[in-house]
Amino acid sequence: MNALEKLEKLLDGEQFEKIKALNNPELHEFLAEWIEWLEPDKVFVCTDSPEDEAYVKWKALYYGEEKMLETPNHTVHYDNYYDQARDKANTKLLVPGGKEIPFLNTKDRDEGLKEIRELMKGVMRGKELFVCFFALGPRNSVFTIPAVQLTDSAYVAHSEFILYRKGYEEFRRLGMGAKFFKFVHSAGELDERKTSKNLGERRIYIDLLDETVYSVNTQYGGNTIGLKKLAFRLTIQRAVREGWLSEHMFLMRVNGPNGRKTYFTGAYPSMCGKTSTAMISWENIVGDDLSFIVPVNGVARGANVEKGVFGIIQGVNPEDDPIIWEILHSPVEIIFSNVLVKDGKPYWNEMGIEIPDEGENHSGKWWRGKKDAEGNEIPPSHKNARFTVSLEHFPNVDLEALENPCGVEVGGMIFGGRDKDTWPPVREAFSWEHGVITMGASLESETTAATLGKEGVRAFNPMAILDFMSVPLGDYIRNYLEFGEKLSKAPKIFAVNYFLRDENGNWLNHKLDKGVWLKWMELRVHGDVGAIETPIGYIPKYEDLKRLFKEVLDKEYTREAYEKQFTIRVPELLAKIERIEKIYREKVGEVPEELFQVLEEERKRLLEARERYGDYISPFALEGE
Ligand SMILES: Nc1nc2c(ncn2[C@@H]2O[C@H](COP(=O)(O)OP(=O)(O)OP(=O)(O)O)[C@@H](O)[C@H]2O)c(=O)[nH]1
Ligand SMILES: O=C([O-])CC(=O)C(=O)O
Ligand SMILES: [Mn+2]
């Protein structure tokens, strides 16, 4: 029996017709094999029609994975109390022979496939399977990658409809030519709250050879939404093979003088400010999490992989995040996850208004002071509680850039992390190579609640991408360096640090200061302002920032604040170079030799500067040159 004949037996007539219309034998085989294996009671195939999307949304409510809230089109979803973040330990790359690759969590492919197949055998008995088609990147473009998702979670499918472009027609158009990704997900057995129960058997296995990802016994978006962080492992591999970049980066427009539009990408680790930067209210958002950057005729062109936001809700308040606040209070389609609900209204930590003392949250029935099994007090919402919404509802979205099949020219690329004591708030690299190595490849950041495990530990996180890395780090960095050589005008590279603290642990910057750094970077891309040369790159001049603080935030920026923030901290910077160099020399394995040269040059510049100026160098001293 061939695959289509098998499918005809497995599916209802109407569903079968939808599959038959896609002329792709590889797709048919994959579907036949997995539908038979998963044994769902029922299969629903989603085309791009609004009716099919509506069916999925309705099923999320019908099966109890989402509940309606008071505001129309708002729903809430809960993940298991212990399934609130990405599970790094159980996320593995399947590689032949289980080859060990530094910093990557690998597993023998045959063993992994065997294990996951066993876990998934008949896992959908009594359940409905949704077969969905999406596209990564704008459709019918150099960026497009089609993907098929199998899931028994209507919540996951619903989230994907909000976050990704529909892809059924794309499969139809491409026919046998579709080089597509495959995702198979099951939430596994559910408890009475409709959350995944068998967390001990939670597995996320990425088959790099077959460009397929399997995920089981989990619901949290970062572990299950196939097109997000699961596809990301596959796109990194493709990008390195094909010579482009697939990055953990927002994409935004910064508005310069006289209507000038300059596009920036920015890579910060999870929970370190991508969304909050891309949402600066006077600029424009294109994407907040994942970007593809492709060299086209010597120009780096960027596109958002997604079309929606799976954003962190903690701390969203009307002052700092006026646009998100507005959206979250309007009747557009939103899924809230792991927030507190009372009388049909959602509440979250640090929202700037009074929060009820009881309700329902990620721990079930909740009251203030409630403790979990470990004795920790449970806050109203989880730190990693999120909202899922389409970008089309954002008044500040740059729709033209979002939908442009040619993407946008990238003028600047930014790297940043949680760093309390080393990097200044903003600086510009001397060159592409200098930026890639001393900013991107040298990124460190304190760990956050976006992954299971301890928070606040300084960790090596090159390009903010380490959690998702799927190729040897040296290959990834080589690809980055070579990417620059393909460009006639490489984007300028910048590094930011929003998280500097003083001796008492207080932040040195306000959340909105990043709006000033962005304006400065925009001017620098076009050579409109000068800068101070330091051993670690160019930093802004006080006079320029003073003017920008006034213009952008209507704030007085004092010389004292500037001096404190932009002091070059030689001992911390040298220690960092030591750490980074050691990691690359001792742990990473093969790395382009340039990396060590560029780090060595930076060290020399720092040592020379220390000779002349001492350990902590005021920017005014350097400016005096
Ligand atoms: N102190 C300080 N905190 C900030 C700043 N910007 C953002 N944050 C906090 O950082 C947290 C996460 O920021 P997001 O922008 O949502 O994170 P993200 O990079 O989009 O994260 P992912 O969606 O996990 O990839 C929020 O709790 C913010 O309040 C800042 O300038 N200063
Ligand atoms: O993938 C997720 O869970 C959400 C996210 O953006 C990240 O953690 O970087
Ligand atoms: Mn992210």
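Let's start at the metal: the manganese ion (ligand 3) is held by Lys229 through NZ, His248 through NE2 and Asp289 through OD, at distances of 2.1 to 2.4 Å. Keep in mind that this is a predicted model. Around the manganese ion (ligand 3) there are six donor atoms, and the angles they subtend run from 71 to 177°, which makes the arrangement octahedral. For six octahedral donors, the ideal angles at a metal are 90 or 180 degrees. If you want a pattern to search for along the chain, the donors follow the spacing K-x18-H-x40-D. Lys229 and His248 sit 19 residues apart and link distant parts of the chain. Lys229 belongs to helix H9 (residues 226-242), while His248 lies in the loop between strand S12 (245-247) and strand S13 (249-255).

Now jump to the start of the chain. How do helix H1 (residues 3-10) and helix H2 (residues 13-20) cross? Their axes come within 8 Å and cross at roughly 155°. That makes H1 roughly antiparallel to H2, since angles over 145 degrees get that label. The crossing of H1 past H2 is right-handed. On the H1 side you'll find Leu4, Leu7 and Glu8, and they meet Phe16, Ile19 and Lys20 from H2. Sorted by class, this contact of H1 with H2 has four nonpolar and two charged residues, with no polar ones.

Further along, helix H19 (residues 593-613) is worth a look for its packing against helix H13 (residues 432-440). The axes of H13 and H19 come within 9 Å and cross at roughly 85°, so the two helices are roughly perpendicular to each other. From H13, the residues involved are Glu433, His434, Ile437 and Thr438. They meet Glu594, Leu595, Val598, Leu599, Glu602 and Arg605 in H19.

H18 brings Val570, Leu573, Leu574, Ile577, Glu578, Ile580, Glu581, Tyr584 and Arg585 to the contact. H19 answers with Leu595, Phe596, Leu599, Glu602, Arg603, Leu606, Leu607 and Arg610. By class, the contact of H18 with H19 comes out as eleven nonpolar and six charged residues, with no polar ones.

Conventions: Residues numbered from 1 in each chain as written. Chains lettered and ligands numbered in written order. Predicted model: local features only at pLDDT ≥ 70, side-chain atom pairs only at ≥ 80, totals over all residues. Heavy atoms only, no water. Axes fitted to C-alpha atoms, helices over the stretch in contact; angles between N-to-C directions. Helix = DSSP H or I, 4+ residues; strand = E, 2+ residues; numbered from the N terminus. Parallel < 35°, antiparallel > 145°, perpendicular 65-115°, else oblique. Left-handed = near helix turned anticlockwise from the far one by under 90°. Contact = heavy atoms within 4.5 Å. Nonpolar A, V, L, I, M, F, W, Y, C, P; charged D, E, K, R; others polar. Donors = N, O, S within 2.8 Å, 3.2 Å for Na, K, Ca; no water. Tetrahedral: all angles 85-135°; square planar, octahedral: opposite > 155°, others 65-115°.
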